[in-house]
Amino acid sequence: MIHTFDAIVIGGGAAGLMCAIEAGKRERRVAVIEHADRLGKKILISGGGRCNFTNLHCRAENFLSANPHFAKSALARYTPADFIALVEKHGIRYHEKTLGQLFCDGSAREILDMLEKECRAANVSIFTTIKINEVSRADQFVARAAHDEFWAPALVVATGGLSIPKIGATSFGYDLARQFGMKIQEPRPGLVPFVLNAENRTHYCDLAGVSADVVASCGGQQFREKMLITHRGLSGPAILQISSYWRKPASITIDLSPGRKVTAAFQDAKTTRSEATLRSELRKHLPNRLADRWLELHRPASWTNTALNEFEEQLHTWTLAPADTEGFEKAEVTAGGVDTNELSAKTMECRKIPGLYFVGEVVDVTGHLGGFNFQWAWASGAAAGRAL
């Protein structure tokens with residue numbers, strides 16, 4: 001069966017749906033084609049099921065890309081306030097958790113329901129359980145599935161990245177970009193836990209579940225948030241954030257006591273310089289089990305000022321080279337993607353191939369943790385939708 005439209009959107013996630021809504025509002029005949037049996041699977045599992053749908057403090061600095069300026073245009077033209085207005089129009093209740101992160105009071109399902117309602121209002125045609133096997137272009141784009149062909153002068157690729165393959169992530173978007181001669185910044189796991197080497201796992205991973213407030217640094221970036229020890233390595237917001245900037249075999253540096261001097265008490269001549277005293281002071285700044293383990297592994301060579309200063313320095317500059325990350329299976333996003341030099345920053349249209357657009361996670365724009373990746377999806381989707 002042949003279906004003809006003004007625009008085809010491949011991928012029924014956040015960016016694809018927003019693109020379709022904006023194009024549909026402009027009376028374009030739009031089809032969204034999703035290979036899964038339902039739309040928005042990643043929306044439904046995000047934010048622990050409550051969908052961290054944007055961040056109040058969204059700036060271009062919150063995004064990682066080979067071109068740090070590329071995201072500015074789309075982000076400026078579709079802001080967190082624009083999405084919040086849509087959420088409020090649908091009566092969805094929400095709250096700020098921390099650091100500008102907005103979550104639904106109820107369920108992520110409310111965000112997906114909202115997008116589906118907006119699609120219906122804009123007369124968007126939705127096709128699920130349709131796997132596109134081939135895309136070609138002559139005077140129009142033709143997307144072929146087993147029993148259907150979709151024809152349109154415009155094609156939007158909103159297929160996401162490689163993260164979380166168990167809910168359907170594939171390399172389709174990258175493969176399609178390469179088919180049309182476009183450059184790709186190598187995709188890699190972003191916002192992902194680290195796996196430690198065997199020695200560090202032996203030292204720390206029996207403390208799985210212990211968390212601490214830290215500053216994690218790598219490649220000139222740093223984040224102050226929680227670090228969580230896992231059975232295989234390190235996770236928690238600070239680690240997930242810095243992981244997007246890490247490339248093997250680089251090291252990361254962790255400040256276990258940011259802004260606080262653990263050995264300050266020893267400046268008082270009346271303080272007994274002993275392991276018991278140091279343990280007590282360390283436990284004021286770190287969870288007890290981590291404090292005890294750190295002292296066991298980094299016991300000062302003596303109780304001189306020099307030795308105590310060395311102990312203090314180690315505490316603020318714990319440097320380790322992760323063995324690896326937990327990979328795309330545990331990554332919240334995919335860093336890298338379609339090279340932004342291939343696209344118009346205003347419309348997301350391919351510079352070489354008129355009518356071909358790429359939006360959302362498939363593009364080399366990766367947000368920090370905390371709602372930024374959804375805001376990029378809304379903004380890039382809206383930019384393309386308004387250009388169709």
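Student: What is the strand order in the open sheet of seven strands?
Tutor: The order is 19-18-15-16-17-14-20, and the pairing is antiparallel. Strands here are DSSP runs of E with at least two residues, helices are runs of H or I with at least four, and both are numbered from the N terminus. Two strands pair if DSSP finds at least two bridges between them.

Student: Before we go on, where do these values come from?
Tutor: This is a predicted model, where local features need pLDDT of at least 70, side-chain atom pairs count only at pLDDT 80 or more, and totals for chains, interfaces and linings use all residues. Residues are numbered from 1 along each chain as its sequence is written, and side-chain values use heavy atoms, with hydrogens and water left out.

Student: Back to that sheet of seven strands. Which strands stand at the edges?
Tutor: Strand 19 (318–320) and strand 20 (324–325). Each has a single partner strand, so one side of each is left without a neighbour in the sheet.

Student: How many bridges are there between strand 15 and strand 18?
Tutor: Three bridges, in the antiparallel sense. Strand 15 covers residues 211–218. S217 stands opposite T253 in strand 18.

Student: Which helix packs on that sheet?
Tutor: Helix 11 (residues 305–316). Helix 11 touches strand 18 and strand 19. Its direction makes about 115° with that of strand 18. Axes are lines fitted to C-alpha atoms, for helices over the stretch in contact, and angles run from 0 to 180 degrees between N-to-C directions. Contact means heavy atoms within 4.5 Å.

Student: Next, the open sheet of five strands: what is its order?
Tutor: The order is 8-3-2-12-22, with parallel pairing. The edge strands are strand 8 (125–127) and strand 22 (356–358), and each pairs on one side only. The twist averages 20° from one strand to the next.

Student: What joins strand 2 to strand 12?
Tutor: Four bridges, and the two strands run parallel. Strand 2 is residues 7–10, and strand 12 is residues 154–157. I10 stands opposite V157 in strand 12.

Student: And which strands does helix 1 lie across?
Tutor: Strand 2, strand 3 (30–33), strand 8 and strand 12. Helix 1 is residues 14–25, and runs at about 170° to strand 3.

Student: What about hairpins?
Tutor: Strand 9 and strand 10 form one, with three residues between them. Four bridges join these antiparallel strands, and S136 has V142 as its bridge partner in strand 10. Strand 10 also forms a hairpin with strand 11, with four residues between them. Here F141 stands opposite A152 in strand 11.

Student: Helices now. How do helix 1 and helix 12 cross?
Tutor: Their axes come within 7 Å and cross at roughly 35°. The crossing is right-handed. That term applies if the near helix is turned clockwise from the far one by less than a right angle, and left-handed if anticlockwise. By class, the contact has ten nonpolar, three polar and two charged residues. Ala, Val, Leu, Ile, Met, Phe, Trp, Tyr, Cys and Pro count as nonpolar, Asp, Glu, Lys and Arg as charged, and the others, Gly among them, as polar.

Student: How about helix 9 and helix 10, what angle do they cross at?
Tutor: Roughly 140°, with the axes within 9 Å. Helix 9 and helix 10 are therefore oblique to each other. Angles under 35 degrees count as roughly parallel, over 145 as roughly antiparallel, 65 to 115 as roughly perpendicular and the rest as oblique.

Student: Which residues meet there?
Tutor: E275, L278, R279, L282 and R283 in helix 9 meet N288, A291, D292, W294 and L295 in helix 10. That contact has five nonpolar, one polar and four charged residues.

Student: Where is T271?
Tutor: In the loop between strand 18 and helix 9. The T271 side chain reaches the backbone oxygen of A265 at 2.8 Å.

Conventions: Polar contact = N/O pair within 3.5 Å; in protein donor to acceptor, adjacent residues only side chain to side chain.
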